[in-house]
Amino acid sequence: MFKLETMIYASEDGTNSVFTLNPALQKQLDALATEHPEVCQRKAKGEAGGVTYQVRDAALTIQPVRAS
């Protein structure tokens, strides 16, 4: 088993930098970036498969993981 890390860095300008190794989250953020480029942009893809996105505060919601 391996970790699918996601890191979120908040900026004072109302944006967040989101780095994730999670392919499911990358797919969701890619769809958001395609549908709403004013809210989310894909910035960079790393060698290890991680992707960085720039997301406006209003578009970012963090929800607790539901227990199975």
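Guide: Helices (H or I, at least four residues) and strands (E, at least two) are DSSP runs, numbered from the N terminus.

Visitor: Okay, what kind of model is this?

Guide: This is a predicted model, where local features need pLDDT of at least 70 and side-chain atom pairs count only at pLDDT 80 or more, while totals for chains, interfaces and linings use all residues. Residues are numbered from 1 along each chain as its sequence is written, and side-chain values use heavy atoms, with hydrogens and water left out.

Visitor: Let's start with the sheet. What order do the four strands have?

Guide: The order is β1-β2-β4-β3, in an open sheet with antiparallel pairing. Two strands pair if DSSP finds at least two bridges between them.

Visitor: And why is one side of β1 and of β3 left without a neighbour?

Guide: β1 (6-10) and β3 (40-45) stand at the edges and have a single partner strand each, so one side of each has no neighbour in the sheet. On average, neighbouring strands here are turned by 20° against each other, direction ignored.

Visitor: What packs on that sheet?

Guide: Helix α1, residues 23-35, packs on the sheet and touches β1, β2, β3 and β4. Its direction makes about 130° with that of β3. Contact means heavy atoms within 4.5 Å, and the angles run from 0 to 180 degrees between N-to-C directions of lines fitted to C-alpha atoms, for helices over the stretch in contact.

Visitor: How many bridges join β2 and β4?

Guide: Six bridges, in the antiparallel sense, between residues 15-20 of β2 and residues 51-56 of β4. Phe 19 has Thr 52 in β4 as its bridge partner, and for Asn 16 the partner in β4 is Val 55.

Visitor: How about β1 and β2, how many bridges there?

Guide: Five, again in the antiparallel sense. Met 7 stands opposite Phe 19 in β2, and Ile 8 is opposite Val 18 in β2.

Visitor: What sits between those two strands in the hairpin?

Guide: The hairpin of β1 and β2 has four residues between its strands, and Gly 14 takes a positive phi near 90° there.

Visitor: How far apart are Met 7 and Thr 52?

Guide: They're 9.3 Å apart in space, C-alpha to C-alpha, and 45 residues apart in sequence.

Visitor: New topic. Which residues make up the largest nonpolar core?

Guide: Seven of them: Val 18, Leu 29, Ala 33, Cys 40, Val 51, Tyr 53 and Val 55. A nonpolar core is a set of buried Ala, Val, Leu, Ile, Met, Phe, Trp, Tyr and Cys residues joined through side-chain atoms within 4.5 Å.

Visitor: Which element gives the most to this core?

Guide: β4, with three residues. The elements giving two or more residues to this core are α1 and β4.

Visitor: And what does Ala 33 touch?

Guide: Ala 33 touches Cys 40, Gln 41 and Arg 42, if you don't count residues up to four places away in sequence.

Methods
Buried < 20%, exposed > 50% of the residue type's maximum accessible area, 1.4 Å probe, protein only.
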